[in-house]
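Please consider the fold of the chain shown here, from its overall composition down to individual ring pairs.

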Amino acid sequence: MEHNLNLYHIFYTVAKCGNISTAAHQLYISQPAISKSISRLEQNLDTNLFIRSSRGVSLTMEGELLYKQVDCAFSAIRRGEEELQKVNELGIGRLSISVSTTLCRYVLLPYLQSFIHQNPHIKISISCQSSYQTIRALENGTVDIGLIGEPWKNGKIRFYPLREIQDIFVTTESYMENLKKRMNPNHSGNHESVFSQATLILLDKDNLTRQYIDKYVNQTMIENDRLIEVTTMDLLIEFAKIDLGIACVISDFVKEELANRTLIRLKSPMAIPKRKIGFACHKEASSNQAVSKFMNFMQNILPKGAS
């Protein structure tokens, strides 16, 4: 195909110039080489493409038909080259990011705003899904970048820690007052009793945050069969605010509620260890220009020591 393309390029140039000598000058090859290439193409197609005369060459009817198609083909190639040049000059590209609704709202948006300001021509698509689904998408190569909690022993994912987060338990003052009224007076101040008697509001079991919290609950031996499971942390916060129970949330995401006492933080039987969130990509992914720019952008804002 590469050899035939060269023959078509010579044919196209000769047809445009109407003269083999002029075409030879443009192509930087000899006139005999051009004549030989035209003859070979005519043999391949079993037809005459040019009418030769002392004044030059002109296309036959068959040559005109072929020229129209070749002209379209080379015009498409030129447009492709122009688009590539525009991509390189403007930094045009595509970037797909997967992130949970909560992390998108509270963490990603500020960083994304700065990145878009620096790279306005990159087209960005965002899919909001759980961290577990994000990791699967990164492994399968269906997204470029993920914002997730630090994955456990995942050899396919390269993780760039962004910051630490702290899981805490929150509820309303009115819920605690009503809960204490239902409890045995001898145990009303006992943390374990509070958590065992309350309704706990947690993320669903497929969520990585829930799996992390379950490890903590098992370690502290909190036994509780009063449980509400939801799909997003925003719902956890809203359910806690209407006195449905005690919710396990990320402290950074309820700063306003804690400040105005809409929610109060509870002492838990054991402090939940801090964990990391950050950006992630597949270790073996061949980064396109947009991904490279995003990764370089991250390197300037993230702490050193990506894992």
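The model is predicted, so local features are given only at pLDDT of at least 70 and side-chain atom pairs only at pLDDT 80 or more, whereas totals for chains, interfaces and linings use all residues. Residues are numbered from 1 along each chain as its sequence is written, and side-chain values rest on heavy atoms, without hydrogens or water.

The chain contains twelve helices and twelve strands; these are DSSP runs numbered from the N terminus, helices being H or I of at least four residues and strands E of at least two. Of its 307 residues, 42% are buried, where buried means under 20% relative accessible area, exposed over 50% and partly exposed in between, with a 1.4 Å probe and protein chains only. The accessible surface comes to about 17,600 Å², and carbon and sulfur atoms hold 49% of it; the areas come from the Shrake-Rupley method with a 1.4 Å probe, and for residues only the protein chains shown count as cover. Among contacts (heavy atoms within 4.5 Å) with a separation of 6 or more, 73% join residues 24 or more positions apart.

Strands of a sheet pair through backbone hydrogen bonds, in a parallel or an antiparallel sense. Here two strands are taken to pair if DSSP finds at least two bridges between them. Seven bridges join strand 3 (residues 93-99) to strand 4 in the parallel sense, and Gly93 stands opposite Ile122 in strand 4.

Strand 7 is largely enclosed by the rest of the structure, because five of its five residues are buried. On one side lie Asp167, Phe169 and Thr171, and on the other Ile168 and Val170. Strand 7 runs antiparallel to strand 10 (residues 246-250), with four bridges, and Val170 stands opposite Ala247 in strand 10. Three bridges join strand 7 to strand 11 (residues 264-266), also antiparallel; there the bridge partner of Phe169 is Leu266.

Rings of Phe, Tyr and Trp (its six-membered ring) pair if their centres lie within 6.5 Å, and planes under 30 degrees apart count as stacked, over 60 as edge-to-face and the rest as tilted. By this rule there are ten aromatic pairs. Tyr12 and Tyr67 are stacked, at 5.6 Å centre to centre with 15° between the planes. This pair links helix 1 (residues 2-17) to helix 4 (residues 61-90), across 55 residues, and both Tyr12 and Tyr67 are buried. Phe169 and Phe195 are edge-to-face, at 4.8 Å and 70°. Phe169 lies in strand 7 and Phe195 in helix 8 (residues 191-197), so the pair ties together parts 26 residues apart in sequence.
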